[in-house]
Amino acid sequence: MRLIIRDHKAEAAQYISDYIVDRIKTFAPTPQKPFVLGLPTGSSPEGIYKRLVQRYRAGDISFKNVVTFNMDEYVGLPRDHPESYHSFMYKHFFSHVDVDPANINILNGNAPDLEAECIAYEEKIKHVGGIELFLGGIGPDGHIAFNEPGSSLTSRTRVKTLAYDTLQANSRYFSNDLSLVPRMALTVGVQTVLDAREVVVIITGAHKALALRKCIEDGVNHMWTLSSLQQHAHAMIVVDEDATLELQVKTVKYFKSIEQVATSEGFGQGLPSAASTRRKRDSVLQELNSPKSASPTGGKGFLFPPVVEAPRAVSPELVPDSMHQRLPPTPGLEGLEAKELKLDSMHERVDSPTEV
Ligand SMILES: N[C@@H]1[C@@H](O)[C@H](O)[C@@H](COP(=O)(O)O)O[C@@H]1O
């Protein structure tokens with residue numbers, strides 16, 4: 001995990017918006033191979049959207065070939081309500097850039113069948129080859145999207161009842177009247193976020209300092225769902241100084257030193273090159289479209305590994321004899337068996353998306 005610390009909230013937002021622009025440009029998306037971007041709402045990402053719009057207006061970036069998936073939406077709030085996440089996204093971002101409306105995906109909290117809506121959302125994400133970069137924010141209780149404390153860390157898009165803390169935090173958008181805050185939401189699951197090839201989270205303010213500590217210094221715990229990012233290969237949290245108030249001094253120094261050393265040694269902290277990213281994506285799409293890929297879940301786990309990956313398999317000569325006995329090789333089927341097991345278990349989770 002990378003932790004990027006900036007003095008102020010605005011600089012954290014600037015860092016992330018520049019990072020996203022770089023990632024999209026490096027990826028060089030096309031209509032056939034769009035860049036798939038997961039997006040959050042909330043006050044924290046507002047500065048990011050503002051700068052993305054500025055970069056677009058300056059002619060630095062186009063969102064024409066970007067497909068977006070929003071993290072969550074309230075249940076029962078009319079789409080055109082000023083506090084719906086639909087309204088938020090158009091107000092702060094979509095209305096100001098050249099994103100194709102057909103490429104915008106936001107959960108419909110008024111769908112006649114909410115479960116079906118959630119299943120369809122997961123399927124749609126898979127259909128486009130998975131999310132390349134999921135941008136997120138957190139609540140003061142460490143929730144990511146609306147994955148409240150106690151959410152399964154393997155959860156997928158589903159209906160969620162909101163925690164009292166969240167209702168209180170979000171009541172500021174509803175005239176501070178708790179009774180006006182929707183009690184339920186549709187949200188992508190923790191696993192949906194973890195499936196993205198890269199996750200970037202913004203955390204600012206002293207009121208989120210405890211959550212940052214729990215998520216970075218303590219173990220993976222479903223009571224602080226952001227802590228699940230510890231198990232992601234490409235996670236980056238960008239914070240302001242206020243958010244670090246509960247961290248140990250040595251933690252802050254360590255992460256700052258990582259960035260300093262990387263910069264002074266002349267290598268960035270970005271992901272592998274666009275060409276290799278495209279190659280990986282091609283093979284994923286090929287696998288998804290292959291008639292052999294019978295499961296709608298495609299190749300679960302394909303978005304985890306780094307694009308340029310060192311071979312992990314131990315060559316047969318190096319495997320100790322005792323291991324050979326426990327794991328008899330099946331000629332020609334080694335990789336396949338493991339993959340099929342993964343597909344099945346994923347399928348079970350998708351089939352039961354409701355967690356209320
Ligand atoms: N569901 C959203 C989250 O996705 C968001 O991260 C959080 C934080 O919002 P803010 O940035 O305003 O603190 O708000 C809501 O709970």
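This is a predicted model: local features need pLDDT of at least 70, side-chain atom pairs count only at pLDDT 80 or more; totals for chains, interfaces and linings use all residues.
**Entry 1: the ligand.** I started at the ligand and found 13 residues around it, with Gly42, Ser43, Ser44, Gly137 and Gly139 coming nearest. A residue counts as near if its C-beta atom, placed from the backbone, lies within 6 Å of the molecule. I sorted that shell by class and got 5 nonpolar, 7 polar and 1 charged residues. For the classes, Ala, Val, Leu, Ile, Met, Phe, Trp, Tyr, Cys and Pro are nonpolar, Asp, Glu, Lys and Arg are charged, and the others, Gly among them, are polar.

Residue numbers start from 1 along each chain as its sequence is written.

**Entry 2: the whole protein.** I looked up 11 helices and 10 strands. These are DSSP runs numbered from the N terminus: helices are H or I with at least four residues, strands are E with at least two. Of the 356 residues, 40% are buried. Buried means 20 or more other C-beta atoms within 10 Å of the residue's own, with C-beta atoms placed from the backbone.

**Entry 3: a sheet.** Next I checked an open sheet of 3 strands, in the order β4-β8-β7 with antiparallel pairing. β4 (72–74) and β7 (158–161) stand at the edges with a single partner strand each, so one side of each has no neighbour in the sheet. Direction ignored, neighbouring strands here are turned by 30 degrees against each other on average. Pairing takes at least two bridges found by DSSP, and I found 4 bridges joining β7 to β8 (residues 184–187). In β8, Ala185 stands opposite Lys160.

**Entry 4: helix α2.** α2 (residues 46–57) has 12 residues and reaches 17 Å from first C-alpha to last, close to the expected 16 Å. That expectation is 1.5 Å times one less than the number of residues. Its buried residues are Gly47, Ile48, Tyr49 and Leu52. The cover over them includes α1 (9–27), α3 (85–92) and β9 (198–203). Just after α2, I spotted Gly59 with a positive phi of about 80 degrees.

**Entry 5: Gly142.** Where does Gly142 sit? I found Gly142 in the loop between β6 (133–137) and β7. Gly142 is buried, because 25 other C-beta atoms lie within 10 Å. Beyond its neighbours within four places in sequence, the contacts of Gly142 (C-beta atoms, placed from the backbone, within 7 Å) include Ala211, Trp224 and Leu226. Leu226 is 84 residues away along the chain, yet the two C-alpha atoms are separated by 5.7 Å.

Conventions: Axes are lines fitted to C-alpha atoms, for helices over the stretch in contact, and angles run from 0 to 180 degrees between N-to-C directions. A residue is buried if 20 or more other C-beta atoms lie within 10 Å of its own, exposed if 12 or fewer, and partly exposed in between; C-beta atoms are placed from the backbone. Two residues are in contact if their C-beta atoms, placed from the backbone, lie within 7 Å.
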